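I opened this entry to record what I looked up on helix packing and on charged side-chain pairs. The structure goes in first, and my notes follow below.

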Amino acid sequence: MMTDPTNEFFRELGTRGNEPLLKDATATVRFDITQDRQTDRWCLQINHGNVRVSTGDAEADGVIGAGRSLFNGIARGEVNAMAALLRGELTVDGEPDLLVLCQRLFPEPPRTRDRQPGATEGWRRS
Amino acid sequence: MFSYDTRFLSRWVLTTDSRRLTALSTDDVRYYETKFFLVPGTGTVYVDATLSVIRQRAVAEGFREQLTILNHDDKPVSLDVRIEVGSDFADLFEVKDALRKKGKYYARAEPGRLLLGYERESFRRETEISSSQPVQIAEDGLTFAVTVEPHGEWSTDLRVTPTIRWPGGQRRVLSSRRNRDPGDMDENLREWVADAPQLECDWESLGRTYRRSLVDLAALRFSPLIAGSQSLPAAGLPWFMTMFGRDSIFTSLQALPFTPELAATTLKVLGRWQGTRVDDFRDEDPGRILHEMRYGELSAFEERPHTPYYGTADATPLYVVLLDEYERWTGDTTLVSQLELEARAALDWIDRYADLTGNGYISYQRRNEETGLENQCWKDSWDSISYRDGRLPGFPRATAELQGYAYDAKLRGARLARLVWNDPAYASRLEEEAADLKRRFNDDFWIEDGRYYALALDANGDQVDALASNNGHLLWSGIVDESRADSVVGHLLGPRLFSGWGIRTLAEGERRYNPIGYHVGTVWPFDNSFVAWGLRRYGFKDEAAQVAAGILDAAEFFQGRLPEAFGGYHRSLTRYPVQFPTACSPQAWSTGAPLLLLRTMLGLEPIGDHLIVDPALPVGIGRLELLDIPGRWGRVDAFGRGRVEVDTGPQLRAQLGEQAAAPPVSRPRRADPAGPRATRTDPARRSPPTTGR
């Protein structure tokens, strides 16, 4: 597979090991990413914050489906997954809560501009 | 019919033989059910009909209507019964702002059902309409050829189901009450009311208000689209039937002694949606609790930022306050443990993201300047935050109550860190920060010549010096120096803020004061309920009773359903509370206000595994019993008798003021606080409350 934002997202996710934002979650989520007639599948096995990523078919508690270009946008932080779901561009089969969970893994949008007033010393962001 | 912020049915007109009908009566059977009795024809004074039409509507999975026609004549009758239908699939934002649709409509008449649809790119919403009786279906309506025998009846069941459809063919019913029959809802409401404490009171009006509050709270339960089947309080019907951080938290706090499960769901769902990244469009930061979630077309296409929108400065500290208060009532340390990460992230947000000017206070300024919210405190209208002379400060604004919430959140977070998270070092750090915040706040916000706290600090750190009800929230949070409480209470119950019905949002005499201005002079029942709690916290029992008396007395004029706000006119001027023209009824935190006022009047306070009861009730209330209050103690009862003489001004209504004839108080008085205590089992509950004086 080529390297694109989707591939890179799942590859990086597989190196995180423990993701504290998912500490309460134990679930298997599959992502079905389609392009033309081809569907690539990634499977996230989440066990109290430990995330294992594998490719290929697997039984899952929920399946999130999206076109590759859409998911590239999500992986770059440019597309909001919840809005995409409401737009009909993204689907969730099974337990819909899983999307809320997975949304925590998606990156933030590219910054449009520096944060105003505190852009000086106010934003004590580490 | 609206569902999840989209209007799925905008036209639903019944005719018989092409004539409209006249409604003889309407009966709101339940919050989810209404019955209309009608006769054919309109426009005449006399009704001389031999036909009756009954339309019984229920909100279930979508909407159902049982249409029944009764023939009272000796002859059979044949009729063309027609229902015109249509949907504009308007997003709530479009309805409010009168915007144009960008997509295409379609309609399909299929055997046995009519499908109305709206499509914009991959966005698709459909309304399915079907009937239990044979029907002729056209794209704009349903027609029945009906014959009713002499003294007979004809009936059909109509179903209207809102759905979301994905291009791949998946379909989902958009209903907060999926798979629910009206019968189930009946049972559910009965259980809901039966599960809440029972109220017995000499003052009948209070009983009515209490029942109304419980039923309205049931109606306002809302299951977020993707949060399973759990429900939490939505903000208000019909415009705010969605998740709101601030409203859901305040309402859950008010309802804790009555229906603690609402708080549990609110904490779980808001925790799940807690911000994790910096997103300027949504005003999101890591740790921030959401402001508002919306599911309509404009949110889907990111023309509005509500998926969800995070622009609120108070929900995040209040989240920690609710978590701690919830544990104090229920003893549910499991949930506190599960939400440790979320609570810590919320506490982190206060110092790391909310201190926009670097001066150590929470302040707010939207980053989404097009569709974000300007005022991110509960007084969110454009002119709510002003100087005495009416000028409006620039941004960022650090309103006073936000600092109180932050102070309270740190102390409560510290308690949970010791009790549940096993992190005493973190607890000590939070306590030191809280103490430092209180010290600084009392220096920077205190207005020496007025002897009250400023409404806000502006971007330069100067005081925004108008006198407002926010001072009462400061009492609730405990950030007020003991030595200053007398002055603050004197203002709250004084003639500039206290109208006789309640405490005004902004004091009379301020340049922007207007008794019918949204946040600049009206009285908000929700605001008052938290101020009453604050008064109790500092030991001002009689003053808390006075506030409760005014608001609960007002509730009687609204048949037990308090509006969001009412006019700030003095009670002696209007004799009745003047309703503010408001969009939502019921409104969740107004619905919750009588509940919190009951708590404050009875002086209910969980201490350890016991419930302290320390009543201070207005005289006119007579005997009050609240039975089976749920909590970590199991169930206990609380009793009280009205002993506090409240001032209702001259010649006012008898119920609560029959013995009072003095003018409204301008200074707090301390009366004999003694009142009977609750006693069921535990003598420890007789001990005086630790927060009292």
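Before reading off any angle, I noted that axes are lines fitted to C-alpha atoms, for helices over the stretch in contact, and that angles run from 0 to 180 degrees between N-to-C directions. I also kept in mind that this is a predicted model.

Entry 1, helix packing. I looked up helix 10 (residues 400-419) of chain B against helix 12 (residues 470-477) of chain B, and found that their axes come within 9 Å and cross at roughly 5°. Angles under 35 degrees count as roughly parallel, and I therefore wrote down helix 10 of chain B as roughly parallel to helix 12 of chain B. I then listed the residues that meet: from helix 10 of chain B they are Ala400(B), Glu401(B), Gly404(B), Tyr405(B), Tyr407(B) and Asp408(B), and from helix 12 of chain B they are Asn470(B), His473(B), Leu474(B), Trp476(B) and Ser477(B). Sorted by class, this contact of helix 10 with helix 12 of chain B has five nonpolar, four polar and two charged residues.

For the pair Glu110(B) and Arg108(B), I noted a salt bridge whose closest N and O atoms are 3.2 Å apart. Glu110(B) is partly exposed at a relative accessible area of 22%, and Arg108(B) also counts as partly exposed, with 39% relative accessibility.

Next I turned to Asp324(B) and Arg412(B), whose side chains meet in a salt bridge at 2.8 Å, N to O. Asp324(B) lies in helix 7 (residues 315-330) of chain B and Arg412(B) in helix 10 of chain B, so this pair ties together parts that are 88 residues apart in sequence. I checked burial as well, and both Asp324(B) and Arg412(B) are buried.

The last pair was Lys410(B) and Glu433(B), with a salt bridge between their side chains at 2.7 Å, N to O. Because Lys410(B) sits in helix 10 of chain B and Glu433(B) in helix 11 (residues 424-444) of chain B, the pair ties together parts that are 23 residues apart in sequence. Lys410(B) counts as buried at 3% relative accessibility, whereas Glu433(B) is partly exposed at 22%.

Finally, I traced salt bridges that share partners, and recorded one network joining Asp324(B), Glu325(B), Glu327(B), Arg328(B), Asp408(B), Arg412(B), Arg415(B), Arg537(B), Arg599(B), Glu605(B), Asp609(B) and Arg632(B).

Key. Residues are numbered from 1 along each chain as its sequence is written. Chains are lettered from A and ligands numbered from 1 in the order in which they are written. This is a predicted model: local features need pLDDT of at least 70, side-chain atom pairs count only at pLDDT 80 or more; totals for chains, interfaces and linings use all residues. Side-chain values use heavy atoms; hydrogens and water are left out. Helices (H or I, at least four residues) and strands (E, at least two) are DSSP runs, numbered from the N terminus. Angles under 35 degrees count as roughly parallel, over 145 as roughly antiparallel, 65 to 115 as roughly perpendicular and the rest as oblique. Contact means heavy atoms within 4.5 Å. Ala, Val, Leu, Ile, Met, Phe, Trp, Tyr, Cys and Pro count as nonpolar, Asp, Glu, Lys and Arg as charged, and the others, Gly among them, as polar. A salt bridge is a side-chain nitrogen of Lys or Arg within 4 Å of a carboxyl oxygen of Asp or Glu. Buried means under 20% relative accessible area, exposed over 50%, partly exposed in between (1.4 Å probe, protein chains only).
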